[in-house]
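Dear colleague,

Please find the structure below, followed by a short account of what was found in it.

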Amino acid sequence: MDKYLLVCEGPTDTYVIKRLASKIYEELGKPVEIIALAPQIDATTGTWERHGWSGVRNWCKKFGVKTPKDIAAVHPNLRPLLARQSWRALMAIRGAKGLIIQIDSDIAEQIKDIPIFNPAVQHRRDHCEDALHHWLNERPSKNTVHFAITSFAIETWLLATLDPTNVAFANLTAPYNLEDLSDWEDRLIAAGFKAHKKDGATRLLKSPSERYEPYGEQIANNAVTVRQKCASAESLCSFLEL
(Lines give C-alpha, C1' and ligand atoms only; values in the text may rest on other atoms or scores of the structure.)
Protein backbone atom coordinates (compact mmCIF):
# COMPACT_ATOMS: atom_id res chain seq x y z
CA MET A 1 0.00 0.00 0.00
CA ASP A 2 1.28 3.44 -0.93
CA LYS A 3 1.34 5.97 1.90
CA TYR A 4 1.54 9.75 1.79
CA LEU A 5 2.07 12.18 4.62
CA LEU A 6 -0.17 15.25 4.53
CA VAL A 7 0.23 18.73 6.01
CA CYS A 8 -2.64 21.17 5.40
CA GLU A 9 -3.91 24.53 6.49
CA GLY A 10 -7.01 22.98 7.99
CA PRO A 11 -9.28 19.92 8.27
CA THR A 12 -11.47 21.00 5.35
CA ASP A 13 -8.44 20.76 3.05
CA THR A 14 -7.60 17.38 4.58
CA TYR A 15 -11.03 15.95 3.76
CA VAL A 16 -10.82 17.12 0.14
CA ILE A 17 -7.30 15.88 -0.54
CA LYS A 18 -7.89 12.52 1.14
CA ARG A 19 -10.98 11.85 -0.95
CA LEU A 20 -9.37 12.98 -4.20
CA ALA A 21 -6.35 10.77 -3.50
CA SER A 22 -8.63 7.80 -2.83
CA LYS A 23 -10.36 8.42 -6.16
CA ILE A 24 -7.05 8.47 -8.03
CA TYR A 25 -5.96 5.23 -6.42
CA GLU A 26 -9.35 3.58 -7.05
CA GLU A 27 -8.75 4.21 -10.74
CA LEU A 28 -5.20 2.84 -10.41
CA GLY A 29 -6.63 -0.26 -8.74
CA LYS A 30 -4.39 0.11 -5.69
CA PRO A 31 -4.94 0.94 -2.01
CA VAL A 32 -3.61 4.17 -0.54
CA GLU A 33 -3.30 5.68 2.92
CA ILE A 34 -3.13 9.43 3.49
CA ILE A 35 -1.65 10.13 6.92
CA ALA A 36 -2.63 13.58 8.20
CA LEU A 37 0.30 14.93 10.21
CA ALA A 38 -1.05 18.44 10.69
CA PRO A 39 -3.51 19.58 11.73
CA GLN A 40 -4.60 16.72 13.95
CA ILE A 41 -7.63 15.98 16.11
CA ASP A 42 -7.03 16.70 19.78
CA ALA A 43 -7.35 13.38 21.63
CA THR A 44 -8.88 15.11 24.67
CA THR A 45 -11.45 17.42 23.10
CA GLY A 46 -12.08 15.54 19.86
CA THR A 47 -11.74 18.80 17.92
CA TRP A 48 -9.24 19.78 15.25
CA GLU A 49 -6.32 21.88 16.41
CA ARG A 50 -6.03 25.43 15.07
CA HIS A 51 -3.49 25.50 12.27
CA GLY A 52 -3.87 27.72 9.22
CA TRP A 53 -1.06 28.82 6.93
CA SER A 54 1.08 29.88 9.90
CA GLY A 55 0.75 26.34 11.23
CA VAL A 56 2.05 25.03 7.90
CA ARG A 57 4.98 27.46 8.16
CA ASN A 58 5.79 26.34 11.70
CA TRP A 59 5.62 22.67 10.70
CA CYS A 60 7.98 23.23 7.78
CA LYS A 61 10.48 25.05 9.98
CA LYS A 62 10.27 22.33 12.63
CA PHE A 63 10.87 19.47 10.19
CA GLY A 64 12.96 21.29 7.59
CA VAL A 65 16.74 21.56 7.33
CA LYS A 66 18.30 23.24 10.36
CA THR A 67 21.63 25.06 10.29
CA PRO A 68 23.93 25.31 13.33
CA LYS A 69 22.69 28.88 13.72
CA ASP A 70 19.08 27.69 13.89
CA ILE A 71 19.75 25.51 16.92
CA ALA A 72 22.53 27.54 18.56
CA ALA A 73 20.26 28.69 21.39
CA VAL A 74 19.27 25.11 22.28
CA HIS A 75 21.09 23.13 24.97
CA PRO A 76 24.06 21.31 23.37
CA ASN A 77 22.70 17.92 24.44
CA LEU A 78 19.50 18.54 22.48
CA ARG A 79 21.03 19.87 19.27
CA PRO A 80 21.69 16.46 17.64
CA LEU A 81 18.07 15.46 18.29
CA LEU A 82 16.71 18.65 16.72
CA ALA A 83 19.06 18.33 13.76
CA ARG A 84 17.67 14.85 13.06
CA GLN A 85 14.06 16.00 13.35
CA SER A 86 13.04 16.09 9.69
CA TRP A 87 10.31 15.27 7.23
CA ARG A 88 12.59 12.61 5.76
CA ALA A 89 12.72 10.87 9.13
CA LEU A 90 8.92 11.00 9.36
CA MET A 91 8.64 9.46 5.91
CA ALA A 92 11.07 6.69 6.83
CA ILE A 93 9.21 5.91 10.06
CA ARG A 94 5.85 5.69 8.27
CA GLY A 95 7.21 4.02 5.14
CA ALA A 96 5.71 6.82 3.07
CA LYS A 97 6.08 7.26 -0.67
CA GLY A 98 5.65 11.03 -0.57
CA LEU A 99 4.81 14.16 1.38
CA ILE A 100 2.04 16.59 0.42
CA ILE A 101 2.09 20.13 1.82
CA GLN A 102 -1.03 22.18 1.09
CA ILE A 103 -1.42 25.92 1.30
CA ASP A 104 -3.86 28.39 -0.28
CA SER A 105 -2.21 31.17 -2.24
CA ASP A 106 -4.73 33.77 -1.05
CA ILE A 107 -2.30 34.41 1.82
CA ALA A 108 0.58 35.49 -0.43
CA GLU A 109 0.32 39.09 0.78
CA GLN A 110 0.59 37.98 4.42
CA ILE A 111 3.95 36.24 4.11
CA LYS A 112 6.62 38.46 5.64
CA ASP A 113 9.74 36.28 5.97
CA ILE A 114 10.65 36.49 2.28
CA PRO A 115 10.52 39.56 -0.01
CA ILE A 116 7.00 40.99 -0.16
CA PHE A 117 4.70 39.56 -2.82
CA ASN A 118 4.50 41.66 -5.99
CA PRO A 119 1.78 40.46 -8.38
CA ALA A 120 3.34 42.50 -11.17
CA VAL A 121 6.42 40.29 -11.28
CA GLN A 122 5.35 36.93 -9.82
CA HIS A 123 2.29 34.71 -9.66
CA ARG A 124 0.98 34.22 -6.14
CA ARG A 125 1.41 30.43 -6.41
CA ASP A 126 5.10 30.89 -7.24
CA HIS A 127 5.48 33.25 -4.29
CA CYS A 128 3.97 30.66 -1.94
CA GLU A 129 6.26 28.00 -3.40
CA ASP A 130 9.26 30.24 -2.67
CA ALA A 131 7.98 30.61 0.89
CA LEU A 132 7.68 26.84 1.36
CA HIS A 133 11.24 26.37 0.12
CA HIS A 134 12.37 29.07 2.53
CA TRP A 135 10.57 27.48 5.48
CA LEU A 136 11.93 24.02 4.68
CA ASN A 137 15.36 25.55 4.00
CA GLU A 138 15.77 23.36 0.91
CA ARG A 139 14.30 22.48 -2.47
CA PRO A 140 13.22 18.84 -2.11
CA SER A 141 12.65 16.59 -5.11
CA LYS A 142 9.25 17.16 -6.72
CA ASN A 143 8.94 13.39 -7.05
CA THR A 144 8.96 13.09 -3.25
CA VAL A 145 7.46 16.32 -1.92
CA HIS A 146 4.47 17.97 -3.56
CA PHE A 147 3.35 21.50 -2.80
CA ALA A 148 -0.42 21.53 -3.26
CA ILE A 149 -0.70 25.29 -3.70
CA THR A 150 -4.26 26.15 -4.61
CA SER A 151 -5.21 29.45 -6.19
CA PHE A 152 -6.85 31.22 -4.49
CA ALA A 153 -8.29 28.45 -2.31
CA ILE A 154 -9.00 24.73 -2.49
CA GLU A 155 -12.69 25.61 -2.87
CA THR A 156 -11.87 26.60 -6.45
CA TRP A 157 -11.91 22.86 -7.16
CA LEU A 158 -15.48 22.79 -5.88
CA LEU A 159 -16.36 25.68 -8.17
CA ALA A 160 -14.94 23.62 -11.07
CA THR A 161 -17.56 20.91 -10.50
CA LEU A 162 -20.42 23.27 -11.36
CA ASP A 163 -22.01 23.41 -14.80
CA PRO A 164 -20.73 26.36 -16.87
CA THR A 165 -24.32 27.65 -17.06
CA ASN A 166 -24.56 27.89 -13.28
CA VAL A 167 -25.45 31.30 -11.88
CA ALA A 168 -22.03 31.35 -10.21
CA PHE A 169 -20.53 32.23 -13.60
CA ALA A 170 -23.30 34.54 -14.85
CA ASN A 171 -21.13 37.66 -15.07
CA LEU A 172 -18.11 35.99 -16.69
CA THR A 173 -17.22 35.96 -20.36
CA ALA A 174 -15.55 32.85 -21.72
CA PRO A 175 -12.78 31.95 -21.80
CA TYR A 176 -11.82 32.48 -18.17
CA ASN A 177 -9.51 30.76 -15.69
CA LEU A 178 -11.22 29.59 -12.51
CA GLU A 179 -7.96 29.83 -10.61
CA ASP A 180 -7.80 33.56 -11.31
CA LEU A 181 -11.10 34.21 -9.52
CA SER A 182 -10.46 35.81 -6.15
CA ASP A 183 -14.22 35.99 -5.48
CA TRP A 184 -14.64 32.19 -5.44
CA GLU A 185 -16.46 32.40 -2.10
CA ASP A 186 -19.16 34.77 -3.37
CA ARG A 187 -19.65 32.56 -6.41
CA LEU A 188 -20.13 29.39 -4.37
CA ILE A 189 -22.64 31.20 -2.17
CA ALA A 190 -24.47 32.42 -5.28
CA ALA A 191 -24.57 28.80 -6.45
CA GLY A 192 -26.41 27.80 -3.28
CA PHE A 193 -23.68 26.59 -0.96
CA LYS A 194 -24.54 27.28 2.67
CA ALA A 195 -23.39 30.59 4.11
CA HIS A 196 -23.50 32.46 7.40
CA LYS A 197 -22.85 35.91 8.77
CA LYS A 198 -19.39 36.48 10.18
CA ASP A 199 -18.21 39.90 11.35
CA GLY A 200 -21.02 41.48 9.36
CA ALA A 201 -20.10 39.73 6.10
CA THR A 202 -21.71 36.77 4.34
CA ARG A 203 -19.19 33.92 4.34
CA LEU A 204 -19.17 30.34 3.14
CA LEU A 205 -20.09 28.03 6.02
CA LYS A 206 -17.10 25.79 6.77
CA SER A 207 -18.05 24.37 10.14
CA PRO A 208 -18.32 21.74 11.21
CA SER A 209 -15.36 20.70 9.08
CA GLU A 210 -17.12 17.41 8.30
CA ARG A 211 -19.26 19.49 5.95
CA TYR A 212 -16.37 19.16 3.51
CA GLU A 213 -16.62 15.37 3.32
CA PRO A 214 -19.43 15.52 0.72
CA TYR A 215 -17.62 18.43 -0.96
CA GLY A 216 -14.58 16.19 -1.29
CA GLU A 217 -16.82 13.49 -2.75
CA GLN A 218 -18.23 15.99 -5.26
CA ILE A 219 -14.74 16.98 -6.34
CA ALA A 220 -13.59 13.36 -6.59
CA ASN A 221 -16.63 12.36 -8.65
CA ASN A 222 -15.83 15.17 -11.08
CA ALA A 223 -12.07 14.68 -10.98
CA VAL A 224 -11.63 14.70 -14.77
CA THR A 225 -13.31 18.10 -15.11
CA VAL A 226 -11.61 19.53 -12.02
CA ARG A 227 -8.21 18.48 -13.36
CA GLN A 228 -8.96 20.12 -16.69
CA LYS A 229 -10.04 23.41 -15.12
CA CYS A 230 -7.61 23.68 -12.19
CA ALA A 231 -3.87 23.32 -12.73
CA SER A 232 -3.33 22.83 -8.99
CA ALA A 233 -5.63 19.80 -8.95
CA GLU A 234 -3.98 18.37 -12.06
CA SER A 235 -0.57 18.82 -10.49
CA LEU A 236 -1.56 16.98 -7.30
CA CYS A 237 -3.22 14.12 -9.17
CA SER A 238 -0.21 13.74 -11.46
CA PHE A 239 2.03 13.52 -8.38
CA LEU A 240 -0.16 10.76 -6.93
CA GLU A 241 -0.03 8.89 -10.23
CA LEU A 242 3.78 8.73 -10.31
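A crossing is called left-handed if the near helix is turned anticlockwise from the far one by less than a right angle, and right-handed if clockwise. The model is predicted: local features need pLDDT of at least 70, side-chain atom pairs count only at pLDDT 80 or more, and totals for chains, interfaces and linings use all residues. Residues are numbered from 1 along each chain as its sequence is written, and side-chain values use heavy atoms, with hydrogens and water left out.

Helix packing

By the above convention, helix 1 and helix 10 cross in a right-handed sense. Helices (H or I, at least four residues) and strands (E, at least two) are DSSP runs numbered from the N terminus. In contact (heavy atoms within 4.5 Å) are Ile17, Leu20, Ala21, Ile24, Tyr25 and Leu28 of helix 1 with Leu236, Cys237 and Leu240 of helix 10.

Nonpolar cores

A nonpolar core is a set of buried Ala, Val, Leu, Ile, Met, Phe, Trp, Tyr and Cys residues joined through side-chain atoms within 4.5 Å; buried means under 20% relative accessible area, exposed over 50%, and partly exposed in between (1.4 Å probe, protein chains only). The largest such core has 41 residues, of which Tyr4, Ile100, Trp157, Leu159, Leu188 and Leu240 touch the most other members. Helix 1 contributes the most to this core, with seven residues. A second, separate core holds 29 residues, including Phe63, Trp87, Ile111 and Phe147.

Backbone features

Two cis peptide bonds may be noted: one from alanine 38 to proline 39, with omega near -5°, and one joining serine 207 and proline 208, with omega about -5°. Proline 39 lies in the loop between strand 2 and helix 2, and proline 208 in the loop between strand 6 and helix 8.

Positive phi values occur at asparagine 137, at about 65°, and at aspartate 199, near 55°. Asparagine 137 sits in the loop between helix 5 and strand 4 and is partly exposed, at 37% relative accessible area. Aspartate 199, in the loop between strand 5 and strand 6, is exposed at 78%.

Yours sincerely
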